[in-house]
Amino acid sequence: PVAMAWDGNGVLYVVEMRTYMQTADATGEQEPKSRISRHEDTNGDGKCDKVKIFADGLNIPTSFTFALGGIIVAHAPEFIFFKDTNGDDKADVREVLFKGFGVGDTHAGPSNLRYGFDNWIYGTVGYSRFNGEVNGKKHNFGMGVFRFKPDGSDIEFLHQFNNNTWGVGFNEAGDVF
């Protein structure tokens, strides 16, 4: 498990990186086996009694956040939106929002997705960079904090740092650190 969060209904979603050492472009010997599972307590005893695979066939997913009734997953080179629209607890929508994150070193890829107070999603990327196009506009940045609109229509680079980062958060005043 590399990322987990509770939704508004008390269901725990877990990103399971089951293909950690496989190359990010899925050229290794294994098929992409990473996935997102959902863990639920259906009888109210405080223990998980129902586990379902929400999305599978992923390779090196590093982070996610809830948005637009589904989840957005950092999955270099792309960010993917998943949503369950028929109530079977499995994503039936899988939409690439944008792509351009480097896959040369998975330790330096995108991570730390957090939904911000301003309705943008914040994240970080290391020296693997982002070099892509979003809504017709070219972007090239690395080693810093960025934010993007949940529908994938815009992305902004906010702050440069050196090398990789290990987290991003907000204080009560809305400052990003």
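**Close-up views of a predicted model**

**View 1. Surroundings of Ile 121.** Leaving aside neighbours within four places in sequence, Ile 121 is in contact with Thr 65, Ala 67, Ile 72, Leu 113, Arg 114, Tyr 115, Phe 146, Arg 147, Phe 148 and Pro 150; contact means heavy atoms within 4.5 Å. The model is predicted: local features need pLDDT of at least 70 and side-chain atom pairs count only at pLDDT 80 or more, while totals for chains, interfaces and linings use all residues. Residues are numbered from 1 along each chain as its sequence is written, and side-chain values use heavy atoms, with hydrogens and water left out. Ile 121 belongs to strand S10. Its relative accessibility is 0%, so Ile 121 counts as buried (buried means under 20% relative accessible area, exposed over 50%, partly exposed in between, with a 1.4 Å probe and protein chains only). Ser 111 stands 10 residues from Ile 121 along the chain, and the C-alpha atoms of the two are separated by 11 Å.

**View 2. The open sheet S9-S10-S13-S14.** This sheet has 4 strands in the order S9-S10-S13-S14, with antiparallel pairing. Strands (E, at least two residues) and helices (H or I, at least four) are DSSP runs, numbered from the N terminus, and two strands pair if DSSP finds at least two bridges between them. Strand S9 (111–115) and strand S14 (155–160) stand at the edges with a single partner strand each, so one side of each is left without a neighbour in the sheet. Neighbouring strands of this sheet are turned by 20 degrees against each other on average, direction ignored; axes are lines fitted to C-alpha atoms, for helices over the stretch in contact, and angles run from 0 to 180 degrees between N-to-C directions. Between S9 and strand S10 (residues 121–125) there are 3 bridges in the antiparallel sense. Tyr 122 in S10 is the bridge partner of Arg 114.

**View 3. The open sheet S1-S2-S3-S4.** Here 4 strands run in the order S1-S2-S3-S4, and their pairing is antiparallel. The edges are strand S1 (3–6) and strand S4 (50–58); each has a single partner strand, so one side of each is left without a neighbour in the sheet. From one strand to the next, the twist averages 15 degrees. Strand S2 (residues 12–16) pairs with strand S3 (residues 34–40) over 5 bridges in the antiparallel sense. Opposite Leu 12 stands His 39 in S3.

**View 4. Aromatic pairs.** A pair of aromatic rings is described by the distance of the centres and the angle of the planes. The structure holds 18 aromatic pairs. Rings of Phe, Tyr and Trp (its six-membered ring) pair if their centres lie within 6.5 Å; planes under 30 degrees apart count as stacked, over 60 as edge-to-face and the rest as tilted. The ring centres of Phe 64 and Phe 66 are 5.6 Å apart and the planes stand at 85 degrees, so this pair is edge-to-face. Phe 64 counts as buried at 7% relative accessibility, whereas Phe 66, at 25%, counts as partly exposed. For Phe 146 and Phe 148 the centres are 6.3 Å apart and the planes at 25 degrees, so the pair is stacked. Phe 146 is buried at 0% relative accessibility, and Phe 148 is buried at 0%. Ring pairs link Phe 146 and Phe 148 into a cluster with Phe 79, Phe 98, Phe 101, Phe 130, Phe 141 and Phe 157.

**View 5. Arg 147 and its partners.** The charged end of Arg 147 sits over the ring of Trp 120, 3.9 Å from the ring centre. A charge sits over a ring if NZ of Lys or CZ of Arg is within 6 Å of the ring centre and within 35 degrees of the ring normal. The side chain of Arg 147 also meets that of Glu 156 in a salt bridge (2.8 Å, N to O), defined as a side-chain nitrogen of Lys or Arg within 4 Å of a carboxyl oxygen of Asp or Glu. Arg 147 counts as buried at 15% relative accessibility, and Glu 156 as partly exposed at 28%.

**View 6. A network of salt bridges.** The structure holds 8 salt bridges. Arg 38, Glu 40, Lys 50 and Asp 89 are linked in a network. Lys 50 and Asp 89 meet at 2.9 Å, N to O. Lys 50 lies in strand S4 and Asp 89 in the loop between strand S7 (78–83) and strand S8 (93–99), so the pair ties together parts that are 39 residues apart in sequence. Lys 50 is partly exposed, at 29% relative accessible area, whereas Asp 89 counts as buried at 15% relative accessibility.
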